[in-house]
Amino acid sequence: MQKLFGNKVKELRSESSFSQVQLSERSGIERAQISKIEQGKINVTLETIYKISQALNVPIKDLFDIEDDVKLKPFVKWAGGKAQSLSKLIEAMPESFDRYYEPFVGGGALFFAVMPKNAVINDINGELIAAYKCFKSNTSYNKLIENLIEHNNLHSEEYYYKVREMDRDASFNDLPLDLRAARMIYLNKACFNGLYRVNSKGYFNVPSGKKDKVNSFDLNNMNNIKKYFDTNDIRVLNTDFVIAVQDAIINDFVYFDPPYDTFEDKATFTSYSKDDFGKDSQIRLSKLFKELDKKGVKVMLSNHNTAFINELYQGFSIQVIEAKRAINSDATKRGNVEEVIITNY
Ligand SMILES: C[S@@+](CC[C@H](N)C(=O)[O-])C[C@H]1O[C@@H](n2cnc3c(N)ncnc32)[C@H](O)[C@@H]1O
């Protein structure tokens, strides 16, 4: 609250073109005190609020015209979603950085929790990225919401399979962004276990979740995400992870959350697209991690705690954490597994 109030004072002072010194002279509040108020470092009294409103020549209520702290959440359920380990990841992030990069964004659990002002997000999954791109255009966004309402209204077992079949048609990729995005979000919510999986031909192949009613979206959250995209600098890419971070420079931050290395003895879900992410991809990623490290980029990476991953990232800081695996078609394999958070800072 102190921070929000401080930001508001700063905003109104700048609108009136007063310096902190001028506001201090007009209000009788010491300049150092004004600086602390604007930084959200102190609680203010009613008297101070009154003095500031008089000095800025604005009604007191304008000083409280502040938006509540909006929290965003992922609009799809994604395998490997980070809801479980989110607090540990936030703790492990660097204190400051310039641009935020997330080249394997998936459902974007960390991205939405952090809400960076300047970010590049990417995923190889074109259907998922179609949805993120809709937040960058008013027209696509409005159509996306209309399509989602229609999917909700028309939902039935038969309808689910009709929508699922759409990608078998050769012209599927020419469909507008909003149609592809709405299909993906609806299928994600209506399918069994809420995961995105395609077969070797790239066709979505998850069976129906057999739900009587499907609510594909939370309108409030969607509108908040749209507002966030409108007011910040967010680039959305659909390419390989190496290309996605190619312009990262010193003091930028990259969070890698790739499909995980597999445990020899446990069947874990790592297949998100028709191209599998095998040991060779893990090696390609570790080389990129090291190149970024040399450039002075701050890098954080999540993975399973396997011997192979420990070997690839030897010499970097490796923190082991316990995580719950929610998505596995076999319920008996949904136990705890060890993950690592690797950082170069
Ligand atoms: C572990 S998931 C990310 C989960 C995400 N952090 C979340 O909170 O939902 C890995 C993601 O990597 C994407 N992916 C797989 N191979 C890729 C590649 N070569 N380049 C970029 N993204 C890739 C998958 O489509 C998937 O969305």
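**Starting from Y101**

Leaving aside residues up to four places away in sequence, Y101 touches V120, A244, V245, A248, D252, F253 and V254. Please keep in mind that the model you are looking at is predicted.

**Nonpolar cores**

- Y101 is among the residues with the most contacts inside the largest nonpolar core, together with A131, C134, A181, I185 and V254. This core has 65 residues.
- Helix α11 (residues 177-190) supplies the largest share of this core, with eight residues.
- Domain 2 (71-124 + 239-345) and domain 3 (137-218) each give at least three residues to this core.
- Another core lies apart from it and has seven residues, including V9, L23, I34 and I52.

**Overall layout**

- The protein contains 15 helices and seven strands.
- Its C-alpha trace spans about 70 × 55 × 35 Å along the principal axes.
- Three domains make up the division of the protein: domain 1 (2-63), domain 2 (71-124 + 239-345) and domain 3 (137-218).
- Between the C-alpha centres of domain 1 and domain 3 there are 50 Å.
- Of the 345 residues in the protein, 33% are buried.
- Among contacts with a separation of 6 or more, 71% join residues 24 or more positions apart.

**Around the ligand**

- Which residues come nearest to the ligand? They are W78, G80, F104, G106 and G107, out of 22 residues around the ligand.
- By type, the shell around the ligand has 10 nonpolar, eight polar and four charged residues.

**Two paired strands**

- Strand β1 (residues 100-102) pairs with β2 in the parallel sense, over three bridges.
- E102 has I121 in β2 as its bridge partner.
- Strand β2 (residues 118-122) is mostly covered, with four of its five residues buried.

- Most residues other than glycine have a negative phi. The next two residues are worth a look for that reason.
- S17 has a positive phi, near 60 degrees, and is not a glycine. You can find S17 in the loop between α1 (2-15) and α2 (20-27).
- Is S17 buried or exposed? S17 is exposed, because 7 other C-beta atoms lie within 10 Å, and a residue with 12 or fewer counts as exposed.
- N251 is also not a glycine, and its phi is positive at about 75 degrees. N251 sits in the loop between α13 (241-244) and β4 (253-256).
- N251 has 14 other C-beta atoms within 10 Å, so this residue is partly exposed.

**A look at T343**

- T343 belongs to strand β7 (residues 336-343).
- Not counting residues up to four places away in sequence, T343 touches A92, V299, M300, F316 and S317.
- With 18 other C-beta atoms within 10 Å, T343 is partly exposed, because a residue needs 20 or more to count as buried.
- T343 and M184 are 159 residues apart along the chain, and their C-alpha atoms are separated by 33 Å.

How values were computed:
Residues are numbered from 1 along each chain as its sequence is written. This is a predicted model: local features need pLDDT of at least 70, side-chain atom pairs count only at pLDDT 80 or more; totals for chains, interfaces and linings use all residues. Domain bounds come from an automatic or database domain assignment. A residue is near a molecule or strand if its C-beta atom, placed from the backbone, lies within 6 Å of it. Ala, Val, Leu, Ile, Met, Phe, Trp, Tyr, Cys and Pro count as nonpolar, Asp, Glu, Lys and Arg as charged, and the others, Gly among them, as polar. A nonpolar core is a set of buried Ala, Val, Leu, Ile, Met, Phe, Trp, Tyr and Cys residues joined through C-beta atoms within 7 Å. Two residues are in contact if their C-beta atoms, placed from the backbone, lie within 7 Å. Two strands pair if DSSP finds at least two bridges between them.
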